[in-house]
Amino acid sequence: MLAWTDNLFGRLGGDGSIIPRVLLPMAVLILGLVAVNQWRDTQNAAEIEEIDAAVLTGDLPLDAYLDKDSMHG
């Protein structure tokens with residue numbers, strides 16, 4: 001399989017082809033960074049949802065949610 005890939009890329013760009021040496025590793029790196037970013041965004045969203053659920057189901061009295069300064073003004 002490696003020989004077939006080497007022959008294919010060798011034919012596309014000659015002996016010093018830039019495709020297997022530079023562009024292919026760069027593409028793998030970029031795809032990896034995109035995947036890590038997506039995973040991180042998913043983790044952040046899950047954490048925010050958990051915090052929201054905890055706040056909404058908490059045992060805080062109604063007065064804790066009211067702005068007391070706006071009542072006097």
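**Notes on the predicted model**

1. Fold. This is a predicted model. The secondary structure of the chain consists of three helices and zero strands. Read from the N terminus, the order of elements is α-α-α.

2. Confidence. The chain has a mean pLDDT of 77, with 60% of its residues at 70 or more. Helix H1 (residues 2–13) has the lowest confidence, at a mean of 59, while helix H2 (residues 18–56) has the highest, at 89. Local features need a pLDDT of at least 70, and the points on single residues below should be read with that in mind.

3. Burial and surface. The chain has 73 residues, and 3% of them count as buried.

4. Nonpolar patch. Which residues form a nonpolar patch on the surface? They are Val22, Leu23, Met26, Ile30 and Val34, and together they have about 410 Å² of accessible area. One of them, Ile30, is placed in helix H2. Its relative accessible area is 47%, so isoleucine 30 is partly exposed; the cut-off for exposed is over 50%.

5. Salt bridge. How many salt bridges does the count come to? The count is one. The pair is arginine 40 and aspartate 41, whose side chains meet at 4.0 Å, N to O. The criterion is a distance within 4 Å. Side chains of opposite charge can pair when their charged atoms come close. Arginine 40 counts as partly exposed because its relative accessibility is 44%. Aspartate 41 is also partly exposed, at 36% relative accessibility.

6. Where does threonine 57 lie? Threonine 57 is in the loop between H2 and helix H3 (68–72). A polar atom of the threonine 57 side chain lies 2.8 Å from the backbone oxygen of alanine 53. Is threonine 57 buried or exposed? With 62% relative accessibility, threonine 57 counts as exposed, the cut-off being over 50%.

Terms used
Residues numbered from 1 in each chain as written. Predicted model: local features only at pLDDT ≥ 70, side-chain atom pairs only at ≥ 80, totals over all residues. Heavy atoms only, no water. Helix = DSSP H or I, 4+ residues; strand = E, 2+ residues; numbered from the N terminus. Buried < 20%, exposed > 50% of the residue type's maximum accessible area, 1.4 Å probe, protein only. pLDDT = per-residue confidence, 0-100. Patch = residues over 30% accessible without salt bridge, like charges linked within 9 Å, V, L, I, M, F, W, Y side chains within 5 Å. Areas by Shrake-Rupley, 256 points an atom, 1.4 Å probe, with all protein chains shown as cover. Polar contact = N/O pair within 3.5 Å; in protein donor to acceptor, adjacent residues only side chain to side chain.
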